[in-house]
Amino acid sequence: MKQVISRLGAKFGRPQKELDELVERLTQNWITHLSHWKALPQAQREQFKLPLLLLHELAHIIGAEEDAEAMAVSPSTKRSRTEKVDKKGKDIDVEAPVKRAKMHAASEALPEVILNPKYAPGEASMAEVKATFDKTIGDPFPHALLRDVFDERFLEGLKEEVMELHYLQKSNDLYDFLQSNDLKGCTLPHVSKLKDLLYSADFRTWLQGITGIEELNDTIDMSCARYIDGSTLLCHDDELEGRRIAYILYLVPKDWKEEDGGTLDLFGVDEHNEPNSIVASYTPAWNSLFFFEVNPVSYHQVAEVLSADKERLSISGWFHGPPITRPPHYQEPPLPETEPIPTQQVVTVSSSSSAASEEALAAQLLAEWLDPIYLDPKNVKGIAAEFEEEQSIELHNFLNADKFVQLVEVLHDQPWDIYGPANKRHYQILPDGKEARILPWNDIVKQCKRFLHSQAFFDYLKKLTQADLIKCSSQIRCFRPGAYTLVHDQATEEMALDVTLCCATNNIPLESGGQLIYMDSDTELLTVPCNPNSLALTFRDPGTMRFIKYMNHHCHDIRYDFSLIFKEEKSDEDDDGNAEADDNAANSDEEEADE
């Protein structure tokens with residue numbers, strides 16, 4: 001303690017006599033705090049920071065509160081509420097004593113009845129809510145929204161409690177938000193009161209009468225989520241073993257508006273039971289409870305939060321019951337694959353050349369499209385060596401600069417179509433059928449695609465990768481804010497060479513999304529930023545998944561790309577490996593999400 005006082009005293013130029021008086025005064029305070037501390041239960045003792053209490057006392061005397069906190073908690077452990085906790089899930093909280101005092105007072109002030117009498121479990125309230133619930137069957141799936149559900153004083157206390165929970169940043173292809181640990185073991189007074197109500201036999205019986213779903217059990221499955229600016233949870237169905245009803249209790253600011261984002265969007269489905277469009281959208285509202293039946297078509301999403309100064313706070317979870325039989329998921333056909341186009345045909349279309357030999361034609365075609373640096377044999381050899389070691393590489397300024405500028409200008413004016421379904425992807429494509437709509441003087445898009453499919457380019461890739469490529473599939477894609485792909489998208493493909501020609505208008509920062517990410521079951525393996533005029537080559541093993549990260553509203557640019565998948569000739573050994581990878585992918589479960 002003397003050392004801390006000396007450090008603060010030296011900082012503020014206080015005389016030694018004054019510091020000695022402080023030591024004596026704080027010694028008495030130490031004894032007082034210590035007696036209070038010893039009177040606490042053992043579990044609470046460990047959470048109180050006695051030196052910190054004394055530092056606050058000292059700081060108040062000499063007017064240096066912030067400096068005292070900075071000296072008590074090192075910069076490496078002092079975190080804001082939105083930052084990650086350490087690996088053990090623990091945090092250092094300089095306000096812990098004050099918070100716990102508040103919690104103690106809150107538990108004593110808990111109202112006895114927290115549920116609006118309008119929704120008290122019983123025949124009358126059940127009939128009213130059931131009528132609303134039944135109207136939504138097939139539109140798109142059964143759900144209900146209840147407003148003014150809980151006692152206002154209780155809800156304010158509940159919000160105060162959950163805002164003090166520890167949150168972890170949850171981010172992958174499907175979602176990006178802050179989530180608490182499972183609240184099953186949480187003992188905070190308001191959270192405990194809520195759990196006792198929702199998972200009580202009376203409330204579960206009431207829900208069973210409304211939904212027609214029998215035998216809901218008392219399994220507690222609840223957590224808290226904070227969606228800040230840019231947070232989102234993309235389209236999914238909530239299906240995991242035993243989940244029967246999902247619910248969301250909103251604790252958002254009372255002035256939350258539609259323009260703040262964060263809406264709960266419900267999707268309709270097509271003939272294959274795949275989500276095709278948003279048919280209902282609900283803006284979060286304070287003290288409202290939304291619940292829906294979890295079934296094979298309960299596709300929904302949390303739209304991106306657009307507010308910079310509001311948080312979409314909610315408590316959500318599931319009621320569990322006997323599992324139901326799920327129909328098999330629709331397997332969409334793969335993209336069509338083609339063999340390389342003879343170089344002569346491509347050269348004729350693009351430049352009307354009549355070169356004599358295949359080798360000369362290939363050299364002419366490559367020189368027309370590529371930056372000269374990538375034609376230098378020495379550079380080609382260096383690229384091949386790096387690729388052999390890393391199995392991936394990104395080549396910057398790949399196309400001839402004039403070609404690239406023309407290409408981006410024309411791509412910007414093309415007739416793009418939305419490509420889904422939303423539980424796998426959401427972006428725009430220029431399908432083959434639309435190429436006829438490209439005007440003759442804008443045929444550079446067709447030329448580029450044919451070049452990438454040409455035998456000359458196949459052979460060029462072989463020099464870089466040492467792979468004997470025999471066929472490829474491709475798409476011309478457009479990603480704007482709100483676009484993404486998920487790992488479900490072609491996740492069980494055989495070994496392949498991914499070739500992506502990125503035609504972004506500018507470098508897109510990683511925090512804005514749009515980057516290409518490779519991952520295995522739980523680990524990100526490689527991130528390829530969205531850079532203009534870059535060619536990314538990556539060998540992808542069976543079971544390795546990839547996705548384009550959701551592009552949020554902070555992105556002011558567009559990602560155009562030519563996405564190609566090149567295949568080698570299969571061997572018997574490859575077939576065995578692919579079968580094993582498909583089995584593993586089929587048995588993997590969808591990660592849990594908040595809503």
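Is D260 buried or exposed? D260 is buried, with a relative accessible area of 10%. Buried means under 20% relative accessible area, exposed means over 50%, and partly exposed lies in between, with a 1.4 Å probe and protein chains only.

A word on the source. This is a predicted model, where local features need pLDDT of at least 70 and side-chain atom pairs count only at pLDDT 80 or more, while totals for chains, interfaces and linings use all residues. Residues are numbered from 1 along each chain as its sequence is written, and side-chain values use heavy atoms, with hydrogens and water left out.

Now the overview. The chain has 595 residues, and 49% of them count as buried. It holds 17 helices and 22 strands. These are DSSP runs, numbered from the N terminus: helices are H or I with at least four residues, strands are E with at least two. Take contacts between residues at least 6 apart in sequence: 80% of them join residues at least 24 apart. A contact means heavy atoms within 4.5 Å. The accessible surface is about 28,900 Å², and 50% of that belongs to carbon and sulfur atoms. The areas come from the Shrake-Rupley method with a 1.4 Å probe; for residues, only the protein chains shown count as cover.

Next, salt bridges. The rule is a side-chain nitrogen of Lys or Arg within 4 Å of a carboxyl oxygen of Asp or Glu. That gives 17 of them.

Back to D260. Its side chain meets K310 in a salt bridge, 2.8 Å from N to O. K310 sits in the loop between β10 and β11, and D260 in the loop between β6 (243–250) and β7 (264–269), so the pair ties together parts 50 residues apart in sequence. K310 counts as buried, at 15% relative accessibility.

Look at E311. Its side chain forms a salt bridge with R226, also 2.8 Å from N to O. E311 is in the loop between β10 (300–302) and β11 (312–320), R226 is in strand β4 (residues 221–227), and they are 85 residues apart. R226 is buried, at 2%. E311 is partly exposed, at 22%.

Then R477 and D561. Their closest N and O atoms are 2.9 Å apart. R477 lies in strand β15 (residues 469–479) and D561 in strand β22 (residues 559–568), so this bridge ties together parts 84 residues apart in sequence. R477 and D561 are both buried. There is also a network of salt bridges, linking E274, E332, K424 and R425.

Which helix is largely enclosed by the rest of the structure? Helix α15 (residues 444–452), because 7 of its 9 residues are buried. Among them are F451 and L452.

On to the backbone. D139 and P140 are joined by a cis peptide bond, omega about -10°. P140 is in the loop between α7 (123–135) and β1 (143–147). G420 and P421 are joined by a cis peptide bond too, with omega about 10°. P421 is in the loop between β13 (417–419) and β14 (425–429). Q466 is not a glycine, yet its phi is positive, about 65°. Q466 is exposed, at 60%.

Last stop, helix α13 (residues 377–390), where E389 is found. E389 counts as exposed, at 66% relative accessibility.
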